[in-house]
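Biologist: I have the model open beside me and would like to go through it with you. Can we start with how the helices pack?

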Amino acid sequence: MKSPPNVGGLKMRRLLACSISVVAATTAWIVGTQPALAYPPTPPSASTAQTQLNSLTVKAEGSTTGYSRDKFPHWHTVSGTCDTREMVLKRDGTGVTVDSSCQPTAGKWYSVYDATYVTTSSGVDIDHIVPLAEAWKSGASTWTTARREEFANNLTIAQLIAVSASSNRSKGDSDPASWQPTNASVHCIYAREWIWVKYTYGLSLQSAEKTALQQMLAAC
């Protein structure tokens with residue numbers, strides 16, 4: 001005569017199998033087949049970004065009259081001998097070593113814009129997510145120099161990121177209506193970062209820029 005099934009044991013085995021599957025899936029999501037992404041502070045969620053986007057003023061873009069990068073003083077000293085650029089290089093790289101003046105002597109940087117590795121700091125640019133000229137045309141022309149300096153060196157929000165020099169120079173001063181990372185997998189977070197910066201500083205949007213950001217949020 002067969003023994004009755006151990007219902008409790010069967011449930012436990014099924015629960016364990018389910019848990020293992022969840023852990024495996026989660027691990028695959030974290031590790032995946034792509035390299036780990038070094039990134040600035042995590043921006044608000046897509047839903048919060050949408051709310052922030054809806055609250056921004058949409059109007060025609062201003063001009064670059066009077067604009068100069070010198071009106072956004074950077075890079076300033078953050079800690080010891082390290083300036084803002086050097087702090088981002090240390091934050092976003094792996095295996096980064098620096099000399100007594102905080103200049104990187106070794107390291108590797110994964111450029112999320114174009115999904116490439118850069119192994120020399122001279123091949124890395126520190127990108128302003130919202131470019132300085134874009135900020136100028138969106139409201140920063142009326143700011144004090146101190147406010148523009150804060151904007152150009154802000155490490156507390158997602159405004160600065162280490163990327164390949166080629167991708168940064170391809171972007172130039174463009175907004176998302178005319179330039180987006182070739183690595184489409186980061187479009188969601190890039191849009192959230194862009195919106196976060198503009199929201200934080202009360203910068204305006206032009207209509208085409210808002211449309212592009214809305215489409216990028218749809219990838220989230």
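Biologist: At what angle do α2 and α7 pack, and how far apart are their axes?
Modeller: Helix α2 (residues 46-55) packs against α7 at an angle of about 45°, and the axes are 9 Å apart. That makes α2 oblique to α7, where oblique is what remains once under 35 degrees counts as roughly parallel, over 145 as roughly antiparallel and 65 to 115 as roughly perpendicular. Axes here are lines fitted to C-alpha atoms, over the stretch in contact, with angles from 0 to 180 degrees between N-to-C directions. Helices are DSSP runs of H or I with at least four residues and strands are runs of E with at least two, numbered from the N terminus.

Biologist: Which residues make that contact?
Modeller: From α2 they are Ala46, Ala49, Gln52, Leu53 and Ser55, and from α7 they are Arg192, Ile195, Trp196 and Tyr199, contact meaning heavy atoms within 4.5 Å.

Biologist: Before going on, what should I keep in mind about the model and its numbering?
Modeller: This is a predicted model, in which local features need pLDDT of at least 70 and side-chain atom pairs count only at pLDDT 80 or more, whereas totals for chains, interfaces and linings use all residues. Residues are numbered from 1 along each chain as its sequence is written, and side-chain values use heavy atoms, with hydrogens and water left out.

Biologist: Switching to α5, which of its residues are buried?
Modeller: In α5 (residues 145-152) they are Arg148, Phe151 and Ala152, with buried meaning under 20% relative accessible area, exposed over 50% and partly exposed in between, for a 1.4 Å probe and protein chains only. Seen down the helix axis, the buried residues of α5 fall within an arc of 95°, so they line one face of the helix; the arc is that of the directions from the axis to the C-beta atoms.

Biologist: And what covers them?
Modeller: The cover includes β6 (124-128), α4 (132-137), β7 (160-164) and α7 (187-201).

Biologist: Since β6 came up, is Val124 buried or exposed?
Modeller: Val124, which lies in strand β6, counts as buried at 1% relative accessibility. Beyond its neighbours within four places in sequence, its contacts include Arg85, Trp109 and Val163, and Val163 is 39 residues away in sequence but 5.6 Å away in space, C-alpha to C-alpha.
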